[in-house]
Amino acid sequence: MKSMTTAARTSLPLSAIGQRASLPAVAALIKTALENPRLLSLAAGFTDNSTLPKAEFLAAAQALAARTGDPEYLNYGTTAGRPGLRRILAERLKYWEPTLPADTLDARFFITTGSQQALYIAVQSLCDPGDIVLVDRPSYFAFLEIVTGLGARPKSLPYDESGRLQIDELRKMLGELKRTGEIARVKAIYLVSYFSNPSGRSLSESDKAALGRTLAEEGVIVPIIEDAAYRELYFDTPHPARSVLTLPEWNEFPKLYAATLTKPFSTGAKVGFSYCSDETWLKQMLAIKGPHDFGSANYNQALFEEILGAGGFEKHIPKVRQGYKAKMLALHEALIAEGLRDLGWQWDIPGGGMYLWLRAPANIDTGMHGEFCKACVQEGVLYVPGDMCFGDNPARNYIRASYGVLTPDQLREAAKRLVRVAKRFAR
Ligand SMILES: Cc1ncc(COP(=O)(O)O)c(C=O)c1O
């Protein structure tokens with residue numbers, strides 16, 4: 001009986017996607033954290049429990065329940081999502097991008113199960129195995145997993161160590177892709193341009209414009225996916241760069257602006273939203289989304305419609321921003337106080353988002369299976385190894401440290417543990 005089961009398993013006729021799929025790397029990190037309750041995790045991008053908007057959700061649920069008439073919000077919704085929520089989100093986007101034409105704005109929105117679903121559908125609608133997606137360096141590792149899971153290839157855009165785009169290098173890279181005939185395989189560009197995961201950096205408007213201009217001049221006009229998951233999660237001031245949606249240098253490109261209500265408000269409600277400038281692309285993404293889920297959770301969308309409509313989001317989000325700022329500073333200051341900078345480690349202070357991107361001296365390999373990472377787990381602290389965050393040619397001496405879920409005291413303790421290990425590995 002046992003051998004029959006084994007035989008059946010090994011002969012399971014998986015598709016190419018089924019065979020390529022592996023558990024997301026972050027799942028292994030979460031498993032490690034759960035198996036060891038003493039471990040302080042700077043790894044997963046979970047959000048801050050103390051600023052989650054319980055009162056706003058309670059009020060919204062009560063308001064829905066008190067409505068007369070059919071409780072349509074408990075029924076299936078539509079693939080594109082609730083028109084009322086789309087209208088509200090369109091108004092919000094108009095606030096960020098005032099020059100966007102208002103007429104078709106809400107019709108171009110669709111609601112997704114987190115922005116992750118939009119990213120998946122976007123790549124699925126554009127890429128065949130072997131195709132290339134140009135990405136930031138570093139980039140969001142769960143996006144890279146979408147690309148490789150679909151058999152396509154992420155390729156890093158040239159940035160320097162401080163996050164500035166290298167236009168000369170970009171021209172060289174495009175020239176090389178043309179020379180080898182691979183340019184036709186470039187199917188999309190992906191940018192996390194506001195308080196990025198993992199680097200915490202934002203792309204300047206001049207770099208974003210220069211990227212669009214250079215790609216257009218080189219004739220590489222392919223769809224651009226701008227991931228704005230952390231745009232609302234600034235600490236003191238929004239990042240001033242306009243989106244690709246309204247930068248003239250990106251006029252000719254089909255554009256998808258993917259954003260979310262999870263990171264700045266409630267990850268558990270898992271509502272994301274996207275705006276697509278291109279009718280055909282939008283139609284095809286929705287055609288792919290339909291069989292995914294017949295529409296993302298209608299009830300969660302109805303809750304958000306209530307909360308946003310009643311001004312609950314605007315009222316609550318300053319608390320979230322200040323909460324993350326305090327936690328970022330707690331981690332940053334503790335790392336300095338413990339002496340990490342003196343050991344040659346470097347990082348920037350982000351203006352928003354949920355991550356510190358720590359650069360170790362070049363001789364330290366922070367990879368998941370390396371000695372440094374193992375020593376950290378033994379010491380009781382977990383992080384995301386930076387090498388997971390590169391589309392190609394991974395650098396091995398970075399750490400993504402999330403200050404999302406731990407309390408300030410826990411962050412200080414995590415910093416102590418991390419620096420204890422760093423001291424052992426110092427030359
Ligand atoms: C850059 C970025 N984009 C998208 C997502 C997906 O978020 P969600 O699906 O919760 O909207 C995340 C989550 O960590 C992220 O960091």
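Me: How many residues surround the ligand, and which are the closest?
Reply: In this predicted model, the ligand is surrounded by 13 residues, and the closest of them are Gly-114, Gln-116, Asn-197, Thr-260 and Thr-262.

Me: Which helix gives the most to that shell?
Reply: That is helix α6, spanning residues 114-126, which contributes three residues to the shell around the ligand.

Me: And how do the shell residues divide into nonpolar, polar and charged?
Reply: Nine of the residues around the ligand are polar, three are nonpolar and one is charged.

Me: How many bridges join β3 to β5?
Reply: There are four, between β3 (residues 132-135) and β5 (residues 186-192), and these two strands run parallel; Leu-134, for instance, has Ile-189 in β5 as its bridge partner.

Me: What about the sheet with three strands, in what order do they come?
Reply: That open sheet runs β9-β12-β11 with antiparallel pairing. Its edges are β9 (355-359) and β11 (384-385), each with a single partner strand, so one side of each has no neighbour in the sheet.

Me: Over how many bridges do β11 and β12 pair?
Reply: They pair over two bridges in the antiparallel sense, with β12 covering residues 398-402, and the bridge partner of Pro-385 in β12 is Ile-399.

Methods. Residues numbered from 1 in each chain as written. Predicted model: local features only at pLDDT ≥ 70, side-chain atom pairs only at ≥ 80, totals over all residues. Near = placed C-beta within 6 Å. Nonpolar A, V, L, I, M, F, W, Y, C, P; charged D, E, K, R; others polar. Pairing = 2+ DSSP bridges.
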